[in-house]
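Q: Here is a model I would like to go through by its labels. Please set each term against its cut-off.

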Amino acid sequence: MSKPDQKRDYGFETRMLHAGHVPDAVTGSRAVPIYQTTSYVFDSPQYAAELFDLKQYGNIYTRINNPTTAAFEERIASLEEGAGAVATSSGMAAQLVTMMTLLEPGDEVVASQHLYGGTRTQFVHTFRKLGVTAHFVDPDDFDAWEAAINSKTRALYAETIDNPQGSVVDISRLAALAESNNCPLIIDNTFATPYLCQPLNHGAHISLHSATKFVGGHGNSIGGVIIESGRFDYSHYPTIANPSPSYHNLRFYDTFGLHGFLMKARVETVRDTGSCLSPFNAFLLIQGLETLSIRMDRHVKNAMAIARYLEDDPNVEYVAYPGLESSPYHELALRYCPRGPGAVFSFGLRGADPREAGRRFIEALNLFSHLANVGDARSLVIHPASTTHQQLSDEELVASGIDPGMIRLSIGLETEEDLLWDLDQALRAI
Amino acid sequence: MGSRSGAACDLTSHSLLTVEQKAEYQAPSLVRGTLGSASSVAIVGLSTKRQKASYFVATFLKSRGIKIIPVHPKADWILGEKVYPTLNDIPEPVDVVNVFRPAHECPIYAAQAVDIGAKVFWLQLGLFNEEAATIASAGGLDVIMDLCIKMEYGRYDGTMRFLGMNTGVLTSKKAQIGRISSHQDVHASECLL
Ligand SMILES: Cc1ncc(COP(=O)(O)O)c(C=O)c1O
């Protein structure tokens, strides 16, 4: 009988720096090398045959896997304590790959109505072309979730923290509902990051990210990633359990067990859609992960200070940040994001003509960058009513959850007092 | 790699192992030691079908230079290896007995593994049977349960990470080519997977 091992439960920061990469056997390279290659020489004809049959773990072709990308995948899977991960070309691709792996024509998804606008568009229009229907419900209303679930429902979907509403979803309650309906719960954890929330530890089965945002953290690379818990029972879930016609009738769940979903997502969906991440972007995203906790602590600290400041300003109608005690989501935020609910939030400008006030506010800012992204190290701002949604009337704006005076901020890592100064002088200029 | 024989065995069976049982039957040093020293593995329940988990495992172990000895009641040859109807019929030394059969049958294979002088009794992912473990360890064998021998090999020779899987292996020591590493330990929380 052997002695029980001394196993060390390494901390989050240690895993940020070490998980997913063992120094290379030949060169000893300490940083993760960039394997900028399309393909890999096979050991032998027999090995190649076994590799294509998935009987070997090995590198096949960079559309399917790549050692730099794999280091990114394993590292983020370790941070969220999943069985593994599959990286994709973007956050949108992470969503599409997840859904195309799980769903067939005729299947349905029930999703929170508080979603990134691009996601909603994908779910409504692109899903329709695939024969998949998405129903949208108020994420706080569990009767609505239950009412929308039927025999065709194959997945539930929500964001940990959404924008612009600033709502936080009750992940463990939703996971229990999903499981009792033989559905995996998919959580878009982009705004929380693996540091502020680990959805799989609260019962979610799949967590996905637009790594473009805080994971990369420097606004230089588009990328996405899907992390799976390995804990969902797919034995009665058609697409993962049944023989796959595109893989010699392989049954992914029976053969790969806790890796079944991830293997199918990689060797079928990413292979066939070509939605792989580039190795160079994977390298940049790894650089982001190595400082994630430090950056997020600072993002949250700056965001909290700014949210409190705005809440007290007479020109501000509301601040939708779940870190504030005034937010209806404050308790859920404390439960799911105890270190702080991220650094992206919206607030509303007061005034006779809020649309015009928003335009003037943006013009007066000096430090905040006016652009359509979030999760950069630099502070970002956008006024939807004069940019992305400018063609909509005030009534149409409100119907889509955006009011004419709404401003979205993504708080960066600059000196806190400088950000407060910039907002203050812009608020005085409107 | 699952050993599920149909829908009955699912991943939730993982929760059947307590922390103490994991320490006893899934200890990284035991798993690494077994993989690093095994030269022959008898596979009980090795399928003749190329898309079954056991066939994947056998193909993989063969590629690592490990002799596989199929145990199957009807087949004659699998993967070019002579098949024996039971463990007791195997005329050569067996290091590891690796089982791909339903959990309730496992005590029989444990007793046979003791009879033939095997060193390790290994039940695949999804399989756990205390009675079988007691028989095997009373007979002097090390016991591993509810782990896939291929996944574990891929974890410790470093190849599983090529597919983005969470190996839990965390070390700043240089990798060793084609070897089951002796110094890499597994991060504790991943052992729960
Ligand atoms: C919450 C959320 N999910 C998904 C996406 C899509 O990600 P990407 O732009 O990387 O495709 C975004 C991008 O804005 C986002 O904010």
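A: This is a predicted model.

Q: What makes the pair Thr167(B) and Glu74(A) a polar contact?
A: The side chains of Thr167(B) and Glu74(A) are joined at 2.6 Å. The cut-off for a pair of N or O atoms is 3.5 Å, so the distance qualifies.

Q: How do you know that strand E6 of chain A is mostly covered?
A: Of the five residues in E6(A), residues 206-210, five are buried. That means each has a relative accessible area under 20%.

Q: Which residues of E6(A) lie on each side?
A: Ile206(A), Leu208(A) and Ser210(A) are on one side, with Ser207(A) and His209(A) on the other. Side chains in a regular strand alternate between the two faces of the sheet. Both faces of E6(A) are covered.

Q: Why is E6(A) said to pair with strand E5 of chain A?
A: Pairing needs at least two bridges, and E5(A), residues 185-188, has three to E6(A), so the two strands pair. They run parallel. Within this pairing, Ile186(A) has Ile206(A) as its bridge partner.

Q: What makes E6(A) and strand E7 of chain A a pair?
A: Five bridges link E6(A) to E7(A), residues 224-228, against a requirement of at least two, so this is a pair as well. Its sense is antiparallel. Opposite His209(A) stands Val225(A) of E7(A).

Q: What surrounds the ligand?
A: The shell holds 13 residues, and the closest are Gly91(A), Asp188(A), Ser210(A), Thr212(A) and Lys213(A). By class there are three nonpolar, seven polar and three charged residues. Helix H4 of chain A, residues 91-102, supplies the largest share, three residues.

Q: How much of the ligand does the protein bury?
A: The protein buries 88% of the 390 Å² that the ligand exposes when taken alone.

Note on methods:
Residues are numbered from 1 along each chain as its sequence is written. Chains are lettered from A and ligands numbered from 1 in the order in which they are written. This is a predicted model: local features need pLDDT of at least 70, side-chain atom pairs count only at pLDDT 80 or more; totals for chains, interfaces and linings use all residues. Side-chain values use heavy atoms; hydrogens and water are left out. Buried means under 20% relative accessible area, exposed over 50%, partly exposed in between (1.4 Å probe, protein chains only). Helices (H or I, at least four residues) and strands (E, at least two) are DSSP runs, numbered from the N terminus. A residue is near a molecule or strand if one of its heavy atoms lies within 4 Å of it. Accessible areas come from the Shrake-Rupley method with a 1.4 Å probe; for residues, only the protein chains shown count as cover. Ala, Val, Leu, Ile, Met, Phe, Trp, Tyr, Cys and Pro count as nonpolar, Asp, Glu, Lys and Arg as charged, and the others, Gly among them, as polar. A polar contact is a pair of N or O atoms within 3.5 Å; within protein, one must be able to donate a hydrogen and the other to accept it, and residues adjacent in sequence count only if both atoms are side-chain atoms.
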